[in-house]
Amino acid sequence: MSTTPSSGPKRIQLEDFEREILLRPLVIEDFDALIAMQSRCFPGMQTWGHDQIESQLLTFPEGQLGIEYEGQLVATASSLIVDFEDYEDWQNWKEIADNGYIRNHDPKGDTLYGIEIMVHPDYRGLKLARRLYGGRRELARRFNLARSIVGGRIPNYEKHADKLTAREYAERVVEGQIYDPVLTTQTANGFVLKKLIPNYFPSDTASRGYATFLEWTNLDYVTDPRRRYQRVHNVRLAAIQYLMRSVSSIEEFEAQCTFFIDAVSDYKSDFVVFPELFTTQMLSFLKPYARPQEAARELARMTPRYLEFFTEMAIKFNVNIVGGSQFVIEGDKLRNVSYLFHRDGGIDRQYKIHITPAERRWWGVSPGNSLEVFDTDRGKVAILICYDIEFPELARIAAAKGAQILFVPFNTNDRDGYLRIRTCAQARCIENHVFTVVSGCTGNLPFVENADVHYAQSGIFTPQDVQFARDGIASECTPNIETLVVRDVDIEQLRRHRLHGTVQNWNDRRTDLYRVVVNQGEDGPLEV
């Protein structure tokens, strides 16, 4: 029996309907396609350079992912590994991403940091971002990382900004009440919104300058039993050793100050300390006065200019400045005041409480009556002006109020005077588990009475125990030359030392036998 071929429909060829989508590592040959896509995704923004992509692929090739759809690159994600404890300012993309070069990639780190993710506009809706985030999660598991951190835009916020704050908008996106193309995708992929960062990208008008900070936790992370983690809270301190020499104008004085502030800013210092009454340098260009009291009061009239200058410097160079000290006239009294210029534009002040015999005799300075402790962006601090550090009760009060760093601007004319400051500053570190920073003047001011000769060795001191620097000296200047010193100190180390130090001076005080009682006026006495 013969059969004839069927004349029905041909068998469906599945390959006619198949589509190839592939998550793969990026290669340098993807550069042109990547840049073209970046221009479409972020119009108006500068694209990656060839050297940046080359550096990313050389440094951490596994962290640079791409999605290929039908042979075309349609989505990418870039990342690096960092140690979570090495960074505090997670909003500083340029620093953490090394401006796109990721040379700071740390194979021994514990955090995957995403520096960019993008999906070609023509291929959105295919859930390609989900594949990329899934690839990052696999990277975190593969390299045994504790977390993945990303930042992001909130581009739909511009549609709601007239009715909702950024916080209200973000909360509603997280709750699913509002859709945002970036934040909704991130939260749908397991990321938790940690905070909003204002003024992160001012040119991003759609997000009104805001950025998000999100974290995904790797539940498979296994800690290394050989590695013990301890929290670190580093603060970078700078002390100026200021050369007193004759100047011809206030502009010349300000130029000398600007040099030092610019230098410590290059070191990314958190605080810089100038010496006590280094402003008396300006007496070298003021007209001579018959009595030093008259000269001091004339110098006090320059305080508004001094305040304006150091406020501008703190903001411009992004550093908190302890502006030494300066004379101020209040009523009929002349006072010696130290100002703390915060880098956010705020100003605090501390009056000198103990006045030396020479200050009373030569200038007629009157004492202040209260000790302040200031909240800053790097912890609580206090200022003890020169002679004040020689009275242990003040440091005890400051420590009781939470001060972790004592700034000591001083001005001494010989080695004996300097050693009193230094010895007492180091003693206060031992007694109260604090750091001290001393800053003094060197050089000469001929014909300026009570400010004519100077001796100094500026330095940064610590408690004296095995976990701190030898001799309790974090760093110090060479004596009697114009210079500066910069050093990191760990505030968290102070807390541990107070609890577990070889000796625990603060905890072992015999308050059953003695106390420091502070008269606080209307607030009543404070016992320490």
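Strand pairing and helix packing in a predicted model

Me: Which strand does β4 join, and over how many bridges?
Reply: In this predicted model, strand β4 covers residues 111–119 and runs parallel to its partner, which covers residues 147–152. Within this pair, T111 stands opposite R147. The partner is β5, and the number of bridges is four.

Me: In what order do the strands of the sheet with β4 and β5 lie?
Reply: The sheet is open and has seven strands, with mixed pairing. Neighbouring strands are turned against each other by 25° on average, direction ignored. The order is β1-β2-β3-β4-β5-β7-β6.

Me: Why is one side of β1 and of β6 left without a neighbour in the sheet?
Reply: β1 spans 21–25 and β6 spans 192–197. Both stand at the edges of the seven-stranded sheet.

Me: Which strands are the edge strands of the six-stranded sheet?
Reply: This open sheet has the order β15-β16-β17-β18-β21-β22, and its pairing is mixed. From one strand to the next the twist averages 20°. An edge strand here pairs on one side only, and this holds for β15 (374–376) and β22 (473–476).

Me: Which residue is the bridge partner of T436 in β21?
Reply: Strand β18 (residues 435–439) pairs with strand β21 (residues 459–461). The sense is antiparallel, with three bridges. In β21, T436 has as its bridge partner F461.

Me: At what angle does α12 run to β18?
Reply: Helix α12 consists of residues 415–432. The helix lies across β17 (405–409), β18, β21 and β22. Relative to β18, α12 runs at about 165°.

Me: How are α11 and α12 oriented to each other?
Reply: Helix α11 (residues 392–400) packs on α12 with the axes 10 Å apart. The angle between the two is about 45°. Angles from 65 to 115 degrees would count as roughly perpendicular and those under 35 as roughly parallel, so α11 and α12 are oblique.

Me: What is the handedness of the crossing of α11 and α12?
Reply: The crossing belongs to the helix pair α11 and α12, packed at about 45°. As α11 passes α12, the crossing is right-handed.

Me: How many nonpolar, polar and charged residues are in the contact of α11 with α12?
Reply: From α11, P392, A395, R396 and A399 take part. They meet R428, E431 and N432 of α12. By class, the contact has three nonpolar, one polar and three charged residues.

Conventions: Residues are numbered from 1 along each chain as its sequence is written. This is a predicted model: local features need pLDDT of at least 70, side-chain atom pairs count only at pLDDT 80 or more; totals for chains, interfaces and linings use all residues. Side-chain values use heavy atoms; hydrogens and water are left out. Axes are lines fitted to C-alpha atoms, for helices over the stretch in contact, and angles run from 0 to 180 degrees between N-to-C directions. Angles under 35 degrees count as roughly parallel, over 145 as roughly antiparallel, 65 to 115 as roughly perpendicular and the rest as oblique. A crossing is left-handed if the near helix is turned anticlockwise from the far one by less than a right angle, and right-handed if clockwise. Contact means heavy atoms within 4.5 Å. Ala, Val, Leu, Ile, Met, Phe, Trp, Tyr, Cys and Pro count as nonpolar, Asp, Glu, Lys and Arg as charged, and the others, Gly among them, as polar. Two strands pair if DSSP finds at least two bridges between them.
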